[in-house]
Amino acid sequence: MIYLEKPEKFSSKFEIVSCFLEQDGKFLILLRQDSKPQGNTWGVPAGKIENDESASDAILRELEEETGYRATRNKLQLSNTVFVRYPEYDFVYHIYFLRLTSSHDVIIDPKAHKDFQWVSPQEALDKTLIPDLGACIKLHYKL
């Protein structure tokens, strides 16, 4: 479950970054490999913040690793920071947004993802998404 404000007794195990990478009015979703946690579900480019790495540095790294797109910090916008509570652990989730001004050929790492699609927010909500991504889509796109 996501929270806009830090819940009581919230103890973050780690921090995650993600990005709504938009092109022509749609955003990129990636289908996770079956062997990955939450396998065979759709998500956006995302990952954990590594030691001594800022959130913006982490999402720039993740975008390049997961899509082949080398973004610049000045085009990146922080959309929201939310607090996520799962039964097993809590984490802080930084949601970024980046609108592409020209087309980009997506290059996915086949070890991590098996497919990708450019979708509208409504199309994404009809997919099998990683937990709580639907709530984040609704929050970001004000649905």
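These legends walk through several close-up views of the structure shown above.

The model is predicted, so to speak plainly about its limits: local features need pLDDT of at least 70, side-chain atom pairs count only at pLDDT 80 or more, and totals for chains, interfaces and linings use all residues. Residues are numbered from 1 along each chain as its sequence is written, and side-chain values use heavy atoms, with hydrogens and water left out.

View 1. Strand S7 covers residues 90-99; helices (H or I, at least four residues) and strands (E, at least two) are DSSP runs numbered from the N terminus. Nine of the ten residues in S7 are buried, where buried means under 20% relative accessible area, exposed over 50%, and partly exposed in between (1.4 Å probe, protein chains only). Strand S2 (residues 12-23) runs parallel to S7, and ten bridges join them; two strands pair if DSSP finds at least two bridges between them. Look for Glu22, whose bridge partner in S7 is Arg99. Strand S6 (residues 77-85) pairs with S7 in the antiparallel sense over eight bridges, and here Asn80 has Ile95 as its bridge partner. A hairpin of four residues leads from S6 to S7.

**View 2. The largest pocket.** This pocket has a volume of about 800 Å³. On a 1 Å grid over the protein atoms alone, a cavity is a set of points where a 1.4 Å probe fits but cannot get out, while a pocket is an open set with protein on both sides within 12 Å along at least five of seven lines; lining residues have an atom within 4 Å of a point. Grid points are joined across faces, edges and corners, and a volume is the space filled by probe spheres set on the points. Of the 31 lining residues, Ile16, Arg32, Ala46, Gly47 and Lys48 are the closest to the centre of the largest pocket. Elements that give two or more residues to this lining include S2, strand S3 (26-32) and helix H1 (55-67). The lining has 18 nonpolar, four polar and nine charged residues; Ala, Val, Leu, Ile, Met, Phe, Trp, Tyr, Cys and Pro count as nonpolar, Asp, Glu, Lys and Arg as charged, and the others, Gly among them, as polar.

**View 3. Aromatic rings.** The count comes to ten aromatic pairs. Rings of Phe, Tyr and Trp (its six-membered ring) pair if their centres lie within 6.5 Å; planes under 30 degrees apart count as stacked, over 60 as edge-to-face and the rest as tilted. Phe10 and Phe83 are edge-to-face, 5.4 Å centre to centre with 85° between the planes. Phe10 lies in the loop between strand S1 (2-3) and S2 and Phe83 in strand S6, so the pair ties together parts 73 residues apart in sequence. Phe10 is buried at 10% relative accessible area, and Phe83 is buried at 16%. Elsewhere, ring pairs link Phe14, Tyr86, Tyr89, Phe91 and Tyr93 into a cluster.

**View 4. Charges over rings.** The charged end of Lys48 sits over the ring of Phe14, 4.4 Å from its centre. A charge sits over a ring if NZ of Lys or CZ of Arg is within 6 Å of the ring centre and within 35 degrees of the ring normal. Lys127 lies over the face of Trp42, 5.3 Å from the ring centre.
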